Amino acid sequence: MNVDFKAKPFFLDESDIAWVQDCMKKMTVEEKVSHLFCILIKDKPVEEMAAEMDALGFYPGGYMTDVFPAGKVKENFKKLQARTGIPLLFASNLERGADGICKEGTLFGTQMQIAAAGDKRWAYELGRVCGEEAAATGANWNFGPILDIDTNYHNPITNTRVFSSDQETVLQMSREFVRGQMENGMAVCLKHWPGDGRDERDQHMVTTINDCTAREWDASYGKIYKALIEDGAETVMAAHIMLPAYSRKMNPDIRDEEILPGSLSCDLTTKLLREQLGFNGLVVTDATTMTGFMQTMARRDALPLAVAAGCDMILFTLDLKEDYQYVLDAAADGTISRERLDEAVARILALKAHLKLHKKMEEGTLFPGDEALKVFEREDNRNLARECADRSVTLVKDTQNLLPISPKTQRRILLHVLGDKGGYHDPICNQAEYLAGLLEREGFEVTVYDASRKDLLPIGNSIESMTKRFDLILYYCSVKTSGSDNVSRISWTAPGGCNTPRYIYEIPTLFISVDNPYMLLDVPKVRTYINGYTPSRYVIDAIVEKIMGRSRFTGKNPVDPFCGLFHTRL
């Protein structure tokens with residue numbers, strides 16, 4: 001078995017190792033196979049989930065929860081833990097705060113917003129705050145940080161979820177985030193191996209490509225992963241992303257049709273990650289329900305191959321009974337060798353022992369008392385989020401010297417709302433109403449653009465009629481990374497893109513993007529442009545303070561918001 005229990009990242013003592021080995025001896029093959037799965041808690045009540053699993057004799061090694069009230073998250077975890085005598089891994093996506101696990105959790109800020117604040121201290125605080133709050137529910141595993149490098153501004157899924165397009169910024173921020181998590185007892189998961197941000201497509205919908213040469217990868221993604229592995233990161237998420245240059249380096253005779261993504265490639269997950277980078281921890285697949293996984297081969301073959309290639313846990317199922325049977329069959333016919341099955345289960349148990357879950361279970365402290373939920377009533381974490389928002393909002397350009405604005409000179413505002421509809425990775429929507437309310441309290445008159453109003457359409461209305469009615473045109477843009485689109489761009493309104501910024505020489509125009517930082521690609525001639533990176537009220541509050549001139553812009557560009565184009569700077 002190629003697992004060193006005493007080495008990084010597990011650091012197990014003799015009693016811990018004895019517990020792992022004792023569990024292994026007592027587990028049947030069926031129990032070991034079911035332990036490979038991490039199941040999603042989402043639409044189905046956990047009581048119904050438990051009944052289905054009981055009927056199959058299925059006991060997974062862990063669960064990932066969707067967002068519920070904090071008390072409900074904890075209740076769900078406790079009910080599922082009660083089914084088994086082995087402590088469970090309870091995971092969530094804490095990418096931008098504990099709003100990724102519970103409704104009361106602090107939305108601190110996206111990773112890119114953190115980088116825009118210009119100080120790695122904020123990455124530590126993000127890791128600490130979401131780790132502290134998530135731990136209050138009983139969670140012990142975070143699917144983060146995201147180590148991707150946002151080198152392709154067309155990529156629709158990395159975007160504000162990552163720290164930067166600068167690899168050194170990604171490295172330093174990620175290290176601090178991990179430190180904050182670990183100090184609060186949270187296991188981290190580095191993603192998305194072998195690295196996203198190069199392709200312009202989304203691995204949710206298609207198997208994507210990291211097109212780095214082997215040397216380029218070593219100097220960028222490889223350097224980042226190596227450093228975080230040395231820092232003791234416990235787990236890595238293998239994504240549905242190919243790295244052809246390394247597949248060919250590891251296997252010079254490989255045919256194009258044999259090149260596989262990280263989640264299915266022994267070359268990438270065993271040879272590169274484990275053998276070359278020295279990773280001894282647990283590898284979990286990214287969601288196996290994604291098209292990027294399912295397009296590679298038949299699911300019956302893909303699930304076993306993921307394990308055989310070096311993944312220790314399978315994230316999510318399509319149909320629990322069917323997926324379980326696929327892996328059981330593979331364990332029975334040798335597609336997954338007994339040694340490989342034992343190695344995967346041993347790593348899962350070793351992670352649990354590293355987190356001292358077995359000892360907490362003995363002590364009855366697996367779940368914190370109800371008083372721990374009072375963390376969500378505290379203001380200190382929210383105040384930190386407010387301060388971070390203030391420091392991160394970035395004035396990208398103001399070549400017309402528009403700012404600050406005032407109700408004395410720009411009282412009548414025409415507000416265009418772009419997006420603001422929520423998405424898979426970010427359900428926040430309808431924040432333009434909040435912005436409009438703030439502006440009205442400042443003394444502005446706000447008219448929200450409505451394409452059904454003929455008096456607001458460009459055709460049929462003179463320039464003079466517009467300048468007589470409006471002193472400022474303001475765009476609030478919240479176009480998100482959705483997890484279901486291969487683009488993250490503005491969709492203008494019919495007829496004829498009637499809401500495009502066409503009056504920039506007649507009426508001062510201000511564009512605010514609180515999500516995608518690359519919107520100058522679609523509005524290059526807008527002369528005053530602000531990036532906020534997170535559609536939170538803290539960010540909107542900070543933006544209003546700054547455009548009114550009561551607070552300085554201090555945010556720094558973590559990426560090139562001009563998209564490498566000369567005319568976006570004008």
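Residues are numbered from 1 along each chain as its sequence is written, and side-chain values use heavy atoms, with hydrogens and water left out. Because the model is predicted, local features need pLDDT of at least 70 and side-chain atom pairs count only at pLDDT 80 or more, whereas totals for chains, interfaces and linings use all residues.

Three strands form an open sheet in the order S5-S7-S9, with parallel pairing. Strands (E, at least two residues) and helices (H or I, at least four) are DSSP runs numbered from the N terminus, and two strands pair if DSSP finds at least two bridges between them. Strand S5 (189-193) and S9 stand at the edges; each has a single partner strand, so one side of each is left without a neighbour in the sheet. From one strand to the next, the twist averages 25°, where axes are lines fitted to C-alpha atoms, for helices over the stretch in contact, and angles run from 0 to 180 degrees between N-to-C directions.

S5 and S7 are linked in the parallel sense by three bridges, and Trp193 has Ala238 of S7 as its bridge partner. Between strand S7 (residues 235-238) and S9 there are four bridges, again in the parallel sense; here Thr235 is the bridge partner of Leu282 in S9. Helix H9 (residues 221-230) lies across S5 and S7 and runs at about 160° to S5, contact being defined as heavy atoms within 4.5 Å.

In a regular strand the side chains alternate between the two faces of the sheet. In strand S9 (residues 282-285), both faces are covered: Leu282 and Val284 on one side, and Val283 and Thr285 on the other, are all buried. Buried means under 20% relative accessible area, exposed over 50%, and partly exposed in between (1.4 Å probe, protein chains only).

Most residues other than glycine have a negative phi, and most peptide bonds are trans. A cis peptide bond joins Trp193 to Pro194, with omega of about 5°; Pro194 is placed in the loop between S5 and strand S6 (208-209). Leu403 and Pro404 are also joined by a cis peptide bond, with omega of about 0°, and Pro404 is placed in the loop between strand S11 (394-398) and strand S12 (412-419).

Phe11, in the segment before helix H1 (14-26), has a positive phi of about 55°. Its relative accessibility of 48% makes Phe11 partly exposed. Phe316 has a positive phi near 75° and is found in the loop between strand S10 (314-315) and helix H14 (320-333). With a relative accessible area of 9%, Phe316 is buried.
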